[in-house]
Structures are given as structure tokens and as C-alpha cells.
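Biologist: Can you walk me through the salt bridges in this one? Keep it short, please.
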Amino acid sequence: MTQAHTLPDTMHAVAISTPGGPDVLRRQPWPMPACGAGDLLIRVAASGVNGPDLAQRRGQYDPPPGASPLPGLEVAGVIAAIGSAVEGWQIGDQVMALTNGGGYADFVAVPAGQALPVPAGWTLSEAAALPETWFTVTQTLVLRAGLDPGMSVMIHGAAGGIGGAAIQIATLLGARAIAVVSSAAKADYATRLGAVATIDYTSENIATRALELTEGRGVDRVLDIIGGAMAQTNLAASARGGHIVQVSTLDGAKAEISLRTIMAKQLTLSGSTLRPQTAATKAVIASYIRAHLLPALAAPGFTRPMVTSFPIEQAAQAHASMEARGHIGKLVLVSPFGAGQ
Ligand SMILES: NC(=O)c1ccc[n+]([C@@H]2O[C@H](COP(=O)([O-])OP(=O)(O)OC[C@H]3O[C@@H](n4cnc5c(N)ncnc54)[C@H](OP(=O)(O)O)[C@@H]3O)[C@@H](O)[C@H]2O)c1
């Protein structure tokens, strides 16, 4: 292993003291993570807050076997040590990475295949807000559902983390993003990210509007995080040959749907969770992002996702803020190292 000359023996991390509400998050001393042969040890400047962190904190989404028990699925920072089998990185490089957990900490070790360079001009807080959602959307909507240029894609929760990533990725790939939101402010944000049309579900019928916006054809792809009754709405809004990607079930894991509609329209309904995927799969996703999406992120006209920062000592407030559903874009926790940058 190659390492920066001074690494501490211990660090601080935000741990889940017991399953429960935001106040069970405690920043406390924690052992330094080991940097394996295929890993990068990252000194964390900022870590993104994601829906799965909230589910893990509530005791509803346990880490896979062998993964860190700490929350935090994405970080950006500086490389502090490099495993003996890793090539292509230097100590001190800025990096953003999908973790296997453990991001709410001063240091985290990640498989090198899950790390990406920070786009030129981006802050480390902006970079920390990217990996979890961009990996999820790339794996599901792009690699699995085959999003192609010219397709229309209806995106639920469009002003949130997953939704915002889906708008930007779809737009970069030449697809037409139709954003489903709950307010004018969220519609405005989705439009700034690239959505060609918005549907406000508080005042409009989603399926009717989706059909209007596609000259009666329906949408080619749907990215859904809502579930429950939205499943039937998605079928009604879909075009023949459409594909609905389910990545969360915020309004319910069970649904009554018309199998006849699935048959008649020749639809596909697929689902996935990112965290249990193998390191090899995550590395394939990272390679796709690096080759096909990352170059555009450094372009001067690219709209970076909106990021609201909290000092990591206020992790509980960040979780409460996400649960209140008022935020737009992403929330990140800034570590003492990140605050000093
Ligand atoms: N499958 C995977 O691998 C994977 C990976 C990452 C995240 N996820 C999941 O994806 C979901 C979204 O994550 P995110 O980071 O995008 O969250 P987020 O930033 O909080 O965004 C969620 C969006 O959905 C909207 N929404 C509609 N109904 C909702 C409801 N019943 N509860 C909460 N929000 C609702 C919210 O806006 P309005 O309230 O204004 O409509 C909000 O904009 C989470 O459940 C997360 O666990 C799955």
C-alpha cells in the first residue's frame, strides 16, 4: 500500500446508535478503515445523503454482509492511500466514489473501480452528491432499460436526487425527460436540469398529461420511486413496448396492476437496488459513466445539481430535512476536512 505520510490511528464517524429517528445518528470515535489491495482510502471532504441512508437508519435496509455498518453511500475527497493492486491514481488526487457504506466518516476505503475523477470546476461537495444517484440511474434506466436518443422518459420525484440525476442523464443521452413534481419551484428546477416538460401531480392527471405530451403514444420509459397506486398510472402512461424501472416504493411496496395492459402494450417492468450489486457490476457502471457522461459534466454550460450542505455534526438535521420532503436537489454532509478546503 502507498499512503500519505501521516494517517491517524482513529477517526470520527457518524454511526447509527440504534434503529430510529434522525437523533439516533451520533458522531463518535471510530476505527480507521483498512485499505485493501484493490481499494482507495479516501479522506472524506463531503458525503451525500440518500434515501437508503434514511431506510438504514430506521432499521429497514441493513448493510449487505461484510459492508461497513456506517451510513454513507457516496463521498468526494482526496486519496490518502492506494492499495497495492491499484493503478491509475495518485496520493492527493481529488476523487468521487460510490462506497459500500461508511461514507459519513473522516476516511472511507472503496474499491478503486467505484471511483471517478472529480469533474473540472466542481467543488467536492457538488461531486459528493453525484455517485449514488448517477450509478443507480445508469444501471437501471440506461444499461438495463436501454434508454436511447429520441425516447421519452417520465421521471417521478424529479426535483430529488434520483429524479434530478435521471433528468440529466436522459438529456445527455438525447432522450426527452418529462418531470413529475409537486410544486412550481420543483418544476422550475427540473426544467433547469433539462426536462422538456413537467407534470405537477398536485393539479394534473399524470397519465393524461403524459399521453398529451407524447401525441397520444405514451412514454417510452418510466423511472419510478413512488410505487403503490403509481404503478397502474405508469402502465396507463406507457407507450407500446415501454419499460418501467422501479427503484423505490415510497408510497407502498404493493400494487394492484392490470396484467392485461402489460400484455396488450408489451411492457417490461423491472426493478433493482444498487447496494448489493457486485464490485464488478459497479465497476462496469463506473466505466460507462466515465466514458459517456463524465466529459459533459465539466462543460461550462452544464447545470450542476443544487446541493445544500450541512456540517457532518448536523447529520440528524440533514436526515430530518430530507424526510420533510421540502428540499430540492441533493443534501451533503461536510466533514471538518471538507470545511477547511
Ligand atoms: N434502487 C436503488 O438502488 C436506489 C438507489 C438510491 C435511492 N433509492 C431510493 O430512491 C428514493 C428516492 O431517493 P432520492 O435520493 O431521490 O430522494 P429525495 O431526494 O428525497 O427525492 C424524492 C422525491 O420524491 C418525491 N416524492 C413523491 N412521493 C414521495 C413520498 N411518498 N415520499 C418521499 N418523497 C416523495 C419528493 O418530492 P415531492 O414530495 O415534492 O413529490 C422528492 O422530490 C428513495 O426511496 C431511495 O431510497 C433507490
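This is a predicted model: local features need pLDDT of at least 70, side-chain atom pairs count only at pLDDT 80 or more; totals for chains, interfaces and linings use all residues.
Modeller: Start with E313 and R27. They form a salt bridge, with the closest N and O atoms 3.9 Å apart. A salt bridge is a side-chain nitrogen of Lys or Arg within 4 Å of a carboxyl oxygen of Asp or Glu.

Biologist: Which parts does the pair of E313 and R27 tie together?

Modeller: E313 lies in the loop between strand 15 (307–311) and helix 10 (315–324), and R27 in strand 3 (residues 25–31), so the pair links parts 286 residues apart in sequence. Helices (H or I, at least four residues) and strands (E, at least two) are DSSP runs, numbered from the N terminus.

Biologist: How many salt bridges does the structure hold?

Modeller: It holds 10. One of them joins E126 and R304, at 3.0 Å from N to O. E126 sits in helix 2 (residues 124–128) and R304 in the loop between helix 9 (279–297) and strand 15, so this pair ties parts 178 residues apart in sequence.

Biologist: Is E126 buried or exposed?

Modeller: E126 is buried, at 18% relative accessible area. R304 is partly exposed, at 34%. Buried means under 20%, exposed over 50%, partly exposed in between (1.4 Å probe, protein chains only).

Notes. Residues are numbered from 1 along each chain as its sequence is written. Side-chain values use heavy atoms; hydrogens and water are left out.
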